[in-house]
Amino acid sequence: MRVVLCNSASPLTPIPKPPTFPATVNWPHKTLVGALTGALSFSLLISSPSSIALDSASVPASPSSHSSATDYCRQDDDTEAMSETAPELVTNEAIVEEAWNIVNDSFLDSSRRRWSSDIWKQKKEDILGTSIQTRSKAHDIIRRMLASLGDPYTRFLSPAEFSKMARYDMTGIGINLREVQDDNGGVKLKVLGLILDGPAHAAGVRQGDEILSVNGMDVTGKSAFEASSLLQGPNETFVTLEVKHGNCGPVQSIQVQRQLVARTPVFYRLEKIENSAASVGYMRLKEFNALARKDLVIAMKRLQDMGAKYFVLDLRDNLGGLVQAGIEIAKLFLNEGETVTYTVGRDPQHEKTITAETAPLITAPLIVLVNNKTASASEIVSAALHDNCRAVLVGQRTFGKGLIQSVFELHDGSGVVVTIGKYVTPNYLDINKNGIEPDFREFPAWSEVTQHLAQCNKLRQG
């Protein structure tokens with residue numbers, strides 16, 4: 001049996017005349033092929049430690065308040081080191097060293113193998129001590145080098161595999177934004193990476209560019225996620241960016257045509273409960289891609305308008321995807337100030353707390369369906385809603401992947417996926433290799449759900 005009843009030319013349009021809910025529900029189930037093998041979860045779309053600089057046309061901007069001839073200007077180290085070498089001319093040794101540097105700068109050893117920077121440096125000397133004759137040989141060396149880390153999630157991506165990452169593009173134009181602190185303590189948005197030959201890259205946007213405005217709207221003080229949301233729009237429509245090339249370069253207005261690769265991962269329907277006038281809004285989320293949050297919001301609002309009194313979020317067989325999408329989706333259900341998750345990088349002293357900033361979109365009782373293939377970003381959402389007493393978990397113990405990976409592009413169009421951090425649930429549970437135990441194995445009555453959530457909140461408040 002299938003739960004997908006909205007998979008049509010208009011995938012977010014509900015199917016009319018849904019079947020009624022029985023008193024006890026055996027939810028339809030369909031096994032999915034995971035979007036990412038090994039239940040990967042990505043915090044970044046693309047990050048490139050060096051630039052890919054190709055000529056392309058752009059439109060000069062009118063004088064902008066964002067720049068001034070009297071401003072103090074200093075190039076970033078990364079900008080000074082930008083390579084003008086075309087990807088196909090990068091040496092095999094340089095590609096291997098690029099991958100080595102990414103691991104050296106970013107890798108988090110979660111396997112208790114006690115990764116040593118000294119041993120890693122020795123590996124570099126051994127590998128680069130001889131000439132690497134072919135690109136295929138260089139890629140094989142990178143694969144073996146990453147395998148030696150003993151991390152099942154850190155791996156090499158061929159150019160063909162890397163190109164498939166486009167569906168995780170949060171912007172629709174093929175860029176990844178990063179919040180960077182300026183000398184005055186403010187925050188500016190910079191392009192951390194681009195999809196090679198993607199819409200933004202082809203239009204003239206470069207790594208290291210600062211985004212000043214989107215369609216005339218100043219993005220000063222906005223988060224990377226907020227700016228990415230402004231960049232989104234219908235496929236093949238245009239968005240205008242005002243960018244500053246590097247710290248000292250000119251300000252330009254660049255028009256970019258959106259090219260959406262992602263397909264909606266959200267399917268929903270309204271169900272009637274037997275012997276009751278109440279209805280349930282059922283939402284299935286297949287993966288956390290670039291459209292996940294936007295399309296889930298649409299589904300939630302439509303189900304509310306259709307009279308849903310209760311909600312079900314189905315995360316079974318959802319192996320994850322974009323960590324940021326998972327975080328933003330969890331926030332849709334949480335009260336302002338409630339914790340979504342804690343993240344820790346290589347230095348365990350630098351723990352980051354991520355909280356909800358606004359009121360929840362819905363406050364109705366919620367069930368989250370989980371199983372042993374509910375992983376990574378799905379577990380972030382499940383744990384956040386469970387620990388904050390917003391939902392009960394129903395099904396099986398989850399997969400147990402509490403690690404965060406970033407995807408880095410190399411100069412020849414290949415890439416590496418590297419574990420760079422881990423997350424901990426609001427109740428400080430380390431779910432990696434442990435998973436999350438559900439509250440119920442079988443689908444409970446909604447009266448039980450309401451009672452369970454009320455008791456949870458009572459204990460939480462002391």
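Predicted model: local features only at pLDDT ≥ 70, side-chain atom pairs only at ≥ 80, totals over all residues.

Reader: Which side chain does Arg441 meet in a salt bridge?

Author: Opposite charges are the thing to look for here, because side chains of opposite charge can pair when their charged atoms come close. For Arg441, the N to O distance in its salt bridge is 2.6 Å.

Reader: How far apart are the closest N and O atoms of Arg143 and Asp140?

Author: Look at where they sit first: both are in helix α4 (residues 135–147), and being three residues apart there, they are separated by about one helical turn. Residues three or four places apart point the same way, because an α-helix has 3.6 residues a turn. Arg143 is partly exposed at 39% relative accessibility, and Asp140 is partly exposed too, at 32%. In their salt bridge, the closest N and O atoms are 3.1 Å apart.

Reader: Are Glu271 and Arg269 buried or exposed?

Author: These two side chains also meet in a salt bridge, at 2.5 Å from N to O. To be called buried, a residue needs a relative accessible area under 20%. Glu271 and Arg269 are both buried.

Reader: How many salt bridges are there?

Author: The pairs above are part of the tally, and a salt bridge needs the nitrogen and oxygen within 4 Å. By this rule, the count comes to 12 salt bridges.

Reader: Which residues of α11 are buried?

Author: Try the strands around the helix: what covers the buried residues of α11 includes β11 (266–273), β12 (279–285) and β13 (310–314). The face turned away from the buried side carries the exposed residues Ser447, Gln451, Lys458 and Leu459. The buried ones are Trp446, Val449 and Leu453.

Reader: What arc do they cover around the axis?

Author: Trp446, Val449 and Leu453 are the buried residues of α11. They lie on the same side of α11, because the arc they cover around the axis is only 50°.

Technical notes. Residues numbered from 1 in each chain as written. Heavy atoms only, no water. Helix = DSSP H or I, 4+ residues; strand = E, 2+ residues; numbered from the N terminus. Buried < 20%, exposed > 50% of the residue type's maximum accessible area, 1.4 Å probe, protein only. Arc of directions from axis to C-beta. Contact = heavy atoms within 4.5 Å.
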